Amino acid sequence: MQIALTPTAIEAFERYYQELVAWNERINLTSIVDYEEVQTKHFLDSLVSLPLLAEELGASLPLPSLRLLDVGTGAGFPGVPLKLASPALQLTLMDGTQKKIAFLEHLVKVLGLDGVTLVHGRAEELGRTPQHREQYDIVAARAVAPLNTLAEYLLPLVRKGGLAVFYKGPSAPQEFMEARRAIKVLGGEAVRLAPVEVPFLSERRFILLVKKIAATPSLYPRGQGLARKRPIA
Ligand code: SAH
């Protein structure tokens, strides 16, 4: 994958696996617990965007100290693997479920990570607060919502000139067609819809990179579940 991991990072991934499986017995974090499957479907899949990001930012790996937000991070994907592979990142993990945040608090402590902030809340609400709106260089999400809805969650949080990173499966081209207008309205411009290969994984995966070229109109993100119920069309 063209990604070098230090021995410290590899050790951290091992510990991450153990903590994920242990906590998963008490709170529902993931349906994937098999060792090899966690390596591929969670760890490698989370890392797959790194070479593309580096290329787009004109940076080399590991990435420099950029502010990266992971929306709907769940058990920490893709944010935590990205941080382990690029430790200088200033990572914010956001999730609407307090139990996930409790796990991540524990994880950050046992892995001894610094430069990680945990935020409990919904993206469409936090995207209207000055602490979070247009504050991040990179905003990423995996497995959170269809692209037209997800664009309204992510783009308000990206600073002008920054990037939104959407992790998507085989439906990506179709979802992209249905989200074109939403992306534009929200101040984004798609720069790349890249098919990516995750080692040992047969499913087709895509990374969509969207650049924030204009401020998001103050109307967005809309509340009351509108981003989900009535996506911008
Ligand atoms: N990104 C992780 C988890 C996906 S499950 C992964 O790829 O494994 C979806 C997660 O998104 C859940 O933890 C849920 O609580 C969170 N979520 C869904 N909608 C959200 C929203 N609008 N704001 C914040 N978190 C949200």
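Author: We will go through salt bridges, pockets and nonpolar cores in turn. Keep in mind that this is a predicted model.

Reader: What is the general idea behind a salt bridge, and how many salt bridges are there here?

Author: Side chains of opposite charge can pair when their charged atoms come close. In this model the count comes to twelve salt bridges. One of them joins the side chains of Asp-45 and Arg-142, with N to O at 2.8 Å.

Reader: Is Asp-45 buried or exposed, and what about Arg-142?

Author: Asp-45 has a relative accessible area of 2%, so Asp-45 is buried. Arg-142 also counts as buried, because its relative accessibility is 11%. The cut-off for buried is under 20%.

Reader: What does Arg-205 form a salt bridge with?

Author: Arg-205 forms a salt bridge with Asp-45, where the closest N and O atoms are 2.8 Å apart. That pair also links distant parts of the chain, since Arg-205 is in strand S7 (residues 205–212) and Asp-45 in helix H2, 160 residues apart. Arg-205 forms a salt bridge with Glu-203 too, and there the closest N and O atoms are 3.2 Å apart. With a relative accessibility of 12%, Arg-205 counts as buried, while Glu-203, at 41%, counts as partly exposed. Taken together, Asp-45, Arg-142, Glu-203 and Arg-205 are linked in a network of salt bridges.

Reader: What lines the second largest pocket?

Author: The second largest pocket, with a volume of about 240 Å³, is lined by 13 residues. Those nearest its centre are Thr-8, Ala-12, Leu-84, Leu-111 and Leu-113. Two or more lining residues come from each of helix H1 (7–24), helix H4 (79–85) and helix H5 (98–111). H1 gives the most, with five residues. By class, this lining has seven nonpolar, two polar and four charged residues.

Reader: The last topic is the core. Which residues have the most contacts inside the largest nonpolar core?

Author: In soluble globular proteins, nonpolar side chains tend to be buried together. In this model the largest nonpolar core has 49 residues, and those with the most contacts inside it are Tyr-16, Leu-84, Phe-103, Val-165 and Ile-207. A second, separate core has 30 residues, among them Leu-69, Ala-151, Leu-157 and Leu-208.

Reader: What is Val-165 in contact with?

Author: Setting aside neighbours within four places in sequence, Val-165 is in contact with residues including Ser-49, Leu-53, Ile-138, Leu-154 and Ile-207.

Definitions and conventions. Residues numbered from 1 in each chain as written. Predicted model: local features only at pLDDT ≥ 70, side-chain atom pairs only at ≥ 80, totals over all residues. Heavy atoms only, no water. Salt bridge = Lys/Arg side-chain N within 4 Å of Asp/Glu carboxyl O. Buried < 20%, exposed > 50% of the residue type's maximum accessible area, 1.4 Å probe, protein only. Helix = DSSP H or I, 4+ residues; strand = E, 2+ residues; numbered from the N terminus. 1 Å grid on protein atoms, 1.4 Å probe; cavity = no way out; pocket = protein on both sides within 12 Å on 5 of 7 lines; lining within 4 Å. Points joined across faces, edges and corners; volume = space filled by probe spheres on them. Nonpolar A, V, L, I, M, F, W, Y, C, P; charged D, E, K, R; others polar. Core = buried A, V, L, I, M, F, W, Y, C linked by side-chain atoms within 4.5 Å. Contact = heavy atoms within 4.5 Å.
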